[in-house]
Amino acid sequence: MGTILLILLIVLTAGNNLCFTSSENELKIIIGREISDKTEISLQKGEKFIILLETRLSTGYDWEIKQPVPECIQIIEDFILYKEVEKPKVGEYEFHLFKLKAKKKGSGTLIFQYKRKWEKKSLKTREIKIY
């Protein structure tokens, strides 16, 4: 839980993009409101990493990982981080956290789609190249 609070604090104070490695268990964290098309991450077998994307659930849109996920990647968990506020505002943003792990050495592309579950077309996509 402490790691999640640290992540949330970093997100709320960070600029548009941030990528760093935490000293706690060498956890790579990519935080980005706008992940560029050139975003790449190098992983070793067993290495864990977190992708954190801003979302606005009140609009019906949320991030999901386009299937299939590269064979070298395992999705450990994904969930929404909500801000605790007394009076939530319409259009308030949340963060979708994806915790992943490199099952083995390999390469591929993780594609994140920002879409409504009932619609086929995504509003935007973000790609992260894994190697």
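Predicted model: local features only at pLDDT ≥ 70, side-chain atom pairs only at ≥ 80, totals over all residues.
**View 1. The largest nonpolar core.** This core has 21 residues, and Phe-49, Ile-51, Ile-73, Leu-110, Phe-112 and Ile-130 touch the most other members.

**View 2. Leu-110 and its neighbours.** Leaving out residues up to four places away in sequence, Leu-110 touches Phe-49, Ile-65, Val-69, Pro-70, Ile-73, Leu-100, Arg-126, Glu-127, Ile-128 and Ile-130.

**View 3. Strand β9 and its partners.** With β8, strand β9 pairs in the antiparallel sense over seven bridges; here Thr-109 has Lys-129 of β9 as its bridge partner. With β3 (residues 40–41), β9 pairs in the parallel sense over two bridges, and Glu-40 sits opposite Lys-129.

View 4. The whole structure holds four aromatic pairs. Take Tyr-61 and Tyr-114: their ring centres are 5.4 Å apart and their planes are at 20°, so this pair counts as stacked. Tyr-61 belongs to β5 and Tyr-114 to β8, so the pair ties together parts 53 residues apart in sequence. Both of these tyrosines, Tyr-61 and Tyr-114, are buried, and together with Trp-63 they make up one aromatic cluster. Lys-124 lies over the face of Tyr-114, 5.0 Å from the ring centre. Tyr-93 and Phe-95 pair up edge-to-face, with 5.4 Å centre to centre and 85° between the planes; Tyr-93 and Phe-95 are buried too.

Methods
Residues numbered from 1 in each chain as written. Heavy atoms only, no water. Core = buried A, V, L, I, M, F, W, Y, C linked by side-chain atoms within 4.5 Å. Buried < 20%, exposed > 50% of the residue type's maximum accessible area, 1.4 Å probe, protein only. Contact = heavy atoms within 4.5 Å. Pairing = 2+ DSSP bridges. Helix = DSSP H or I, 4+ residues; strand = E, 2+ residues; numbered from the N terminus. Phe/Tyr/Trp six-rings, centres within 6.5 Å; stacked < 30°, edge-to-face > 60°. Lys NZ or Arg CZ within 6 Å of the ring centre and 35° of its normal.
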